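Subject: Structure handover

Hello,

Please find the structure below. My notes on it follow.

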Amino acid sequence: MNDGVSDGVSAAVAVVVPTAEEMRAFGERLAGLLRAGDLLVLTGDLGAGKTTLTQGIGAGLNVRGPVTSPTFVIARVHPPLGDGPALVHVDAYRLGGFAELDDLDLDASLDDAVTIVEWGAGLAEGLADERLELIISRGPEGTGEERVVRVAGVGARWAHMPDDLH
Ligand SMILES: Nc1ncnc2c1ncn2[C@@H]1O[C@H](COP(=O)(O)OP(=O)(O)OP(=O)(O)O)[C@@H](O)[C@H]1O
Ligand SMILES: [Mg+2]
């Protein structure tokens, strides 16, 4: 597996997130920048906060919840409650390779949904040339609640992302 950041990154920024609640708030803020067709690839260890971030994004997009950590379900579609895009939430942890990811038929909804792939590094890049890559790591002590989210935009779509995020 690679470190979660692709070649060709056009812009990157790091955000310190002290608590789970603030991770959800960050997700809500991030959702304000998202539109149908966007792909987000989330990388981070078990329990890093990928699903917690996705919950915030789901709240910000105003989609039907709950966004959960799927044990057996690999992909879940959260329909919009308003007139925004749906959220497609994929957990690629158990997927064997790109063929299996492609077989989920995500292409059908990629254009009209926001798609988030947990554990997608090394797999999901093949779904779209332009994407937002988010790498969540624990803070310097490694034990507390603090997380650092590195956000890297790939492609012209995300060229101004760091400014928009602040
Ligand atoms: N700053 C923080 N950001 C996010 N989650 C935090 C933070 N501090 C504590 N937590 C807790 O860490 C856990 C993160 O779990 P979560 O399911 O979001 O991780 P994950 O990366 O999706 O794990 P998995 O690899 O199992 O899917 C939650 O219990 C959450 O409450
Ligand atoms: Mg998860």
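In which sense do β6 and strand β7 pair, and over how many bridges? β6 and β7 (residues 147–154) pair in the antiparallel sense, over eight bridges. Strands pair here if DSSP finds at least two bridges between them. Strands (E, at least two residues) and helices (H or I, at least four) are DSSP runs, numbered from the N terminus.

Before the rest, the conventions. This is a predicted model, in which local features need pLDDT of at least 70 and side-chain atom pairs count only at pLDDT 80 or more, while totals for chains, interfaces and linings use all residues. Residues are numbered from 1 along each chain as its sequence is written, and chains are lettered from A and ligands numbered from 1 in the order in which they are written.

The strands around β6

β6 is mostly covered, with six of its eight residues buried. Buried means 20 or more other C-beta atoms within 10 Å of a residue's own, exposed means 12 or fewer, and partly exposed lies in between; the C-beta atoms are placed from the backbone.

Ligand 1

Ligand 1 is surrounded by 16 residues, of which M23, G49, K50, T51 and E145 are the closest. A residue counts as near if its C-beta atom, placed from the backbone, lies within 6 Å of the molecule. Two helices, α1 (20–31) and α2 (50–61), each supply at least two residues of this shell, and α2 gives the most, with three.

Backbone points to check

Most residues other than glycine have a negative phi, and most peptide bonds are trans.

- G65 and P66 are joined by a cis peptide bond with omega about -5°; P66 is in the loop between α2 and β3 (75–78).
- N62 has a positive phi, near 60°, and is also located in the loop between α2 and β3. N62 counts as partly exposed because it has 17 C-beta neighbours inside 10 Å.
- W119 has a positive phi near 60° as well, and is found in the loop between β5 (113–118) and β6 (131–138). With 21 other C-beta atoms within 10 Å, W119 is buried.

Regards
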